[in-house]
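Please consult the sequence and the model shown below alongside the numbered points.

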Amino acid sequence: MEAPNFLEFIAHMLHMPNFMVFTWFIMLVIIVIAISVRFTLKFMPSNFQNVVEAFISGMYSFVEDILGPKETKKHFKLIASLGIFIFFSNIVELIPWFVPPTSSWNTTIALAILVFVYYQYLGIKHNGLKYIKHFMGPVWWLTPLMIPVEIIGHFARILSLSVRLFGNIGGDDLLLAVLFFLVPALVPIPVMFLVLFAAVLQSFIFPLLTTLYIADAVATHHES
């Protein structure tokens, strides 16, 4: 799908690809919504506030079950931010002429690299040299084999995170583009629901894997 003219104009003026313009647009939308929610909080919550609080509370409890109370307080903001950004980036594919940022590998690999650097930093911060030592395997004579295997395995997580998200959203976006081109007034409703389901699912999987990687990094200290 092509971007609307005004966004194409902005992208042209800033010498930026369309997906980057939509990325900044979605970030602005999220910030506006967050500020609006923040200044409309009430002691007696409205229906909307109840829904938001229930969603955040459920998400927090889910992460807490994996990381524990102490680590969840430290890392929940990043995990939740990833989930919210990916969710909004995914669902805009349901809007004609909108380009979902997550349909570009540039966006998804940037998110994956962020997660990779973050949990590696946590592993070193929590465990020091013991974190590096676990790359060497359980016994010293396996070290020459285990080091490359572990390194490849960790870098494969970047590809796993980025390609899964990019592939699913990019494929869905292409499918919708074809359907809108062939039958613009009669896009099958079931397909729209399937695309929405995939968008929501992918916005859950990415933060889930991020949580598991963080848990693995901070737990190494206790296992060493």
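1. Nonpolar surface patch. Phe 62, Phe 197, Leu 201 and Phe 204 together form a nonpolar patch on the surface, with about 380 Å² of accessible area. Patches are built from residues with over 30% relative accessible area and no salt bridge; nonpolar side chains (Val, Leu, Ile, Met, Phe, Trp, Tyr) are joined within 5 Å, and like charges within 9 Å. The areas come from the Shrake-Rupley method with a 1.4 Å probe, and for residues only the protein chains shown count as cover. Helix H8 gives the most to this patch, with 3 residues. Phe 197 lies in helix H8 and is exposed, at a relative accessible area of 54%.

2. Basis of the model. This is a predicted model, in which local features need pLDDT of at least 70 and side-chain atom pairs count only at pLDDT 80 or more, while totals for chains, interfaces and linings use all residues. Residues are numbered from 1 along each chain as its sequence is written, and side-chain values use heavy atoms, with hydrogens and water left out.

3. Overall fold. The chain has 8 helices and 0 strands, and its pattern along the sequence is α-α-α-α-α-α-α-α. Helices (H or I, at least four residues) and strands (E, at least two) are DSSP runs, numbered from the N terminus. Of the 224 residues of the chain, 36% count as buried. Buried means under 20% relative accessible area, exposed over 50%, and partly exposed in between (1.4 Å probe, protein chains only).

4. Helix H3. How far apart are the end C-alpha atoms of helix H3? They are 30 Å apart, which agrees with the 30 Å that the 21 residues of H3 (residues 47-67) should span at 1.5 Å a residue; the expected span is 1.5 Å times one less than the number of residues. Gln 49, Met 59, Val 63 and Leu 67 of H3 are buried. These residues cover an arc of only 110 degrees around the axis, which puts them on the same side of H3; the arc is that of the directions from the helix axis to the C-beta atoms. Asn 47, Val 51 and Asp 65, on the other side of H3, are exposed. Just after H3, Gly 68 adopts a positive phi of about 90 degrees.

5. Aromatic pairs. The search of the whole structure finds 6 aromatic pairs. Rings of Phe, Tyr and Trp (its six-membered ring) pair if their centres lie within 6.5 Å; planes under 30 degrees apart count as stacked, over 60 as edge-to-face and the rest as tilted. The rings of Phe 62 and Phe 204 have centres 5.5 Å apart and planes at 55 degrees, so this pair is tilted. The pair links distant parts of the chain, with Phe 62 in helix H3 and Phe 204 in helix H8 (residues 189-223), 142 residues apart. Both are partly exposed: Phe 62 has 34% relative accessibility and Phe 204 has 41%.

6. Phe 116 is buried at 13% relative accessibility, whereas Phe 155 is partly exposed at 47%. Ring pairs join Phe 116, Tyr 119, Phe 155 and Tyr 213 into a cluster.

7. Salt bridges. How many salt bridges are counted? The count is 2, a salt bridge being a side-chain nitrogen of Lys or Arg within 4 Å of a carboxyl oxygen of Asp or Glu. Glu 71 pairs with Lys 74, the closest N and O atoms being 3.8 Å apart. The two are 3 residues apart in helix H4 (residues 69-91), which means a separation of about one helical turn. Glu 71 is buried at 11% relative accessible area, while Lys 74 is partly exposed at 46%. Arg 157 and Asp 216 form another salt bridge (3.9 Å, N to O). This pair links distant parts of the chain, Arg 157 in helix H7 and Asp 216 in helix H8, 59 residues apart.

8. Gln 202 is found in helix H8 and is buried, at 6% relative accessible area. The C-alpha atoms of Gln 202 and Arg 164 are separated by 8.3 Å, although the residues are 38 residues apart along the chain.
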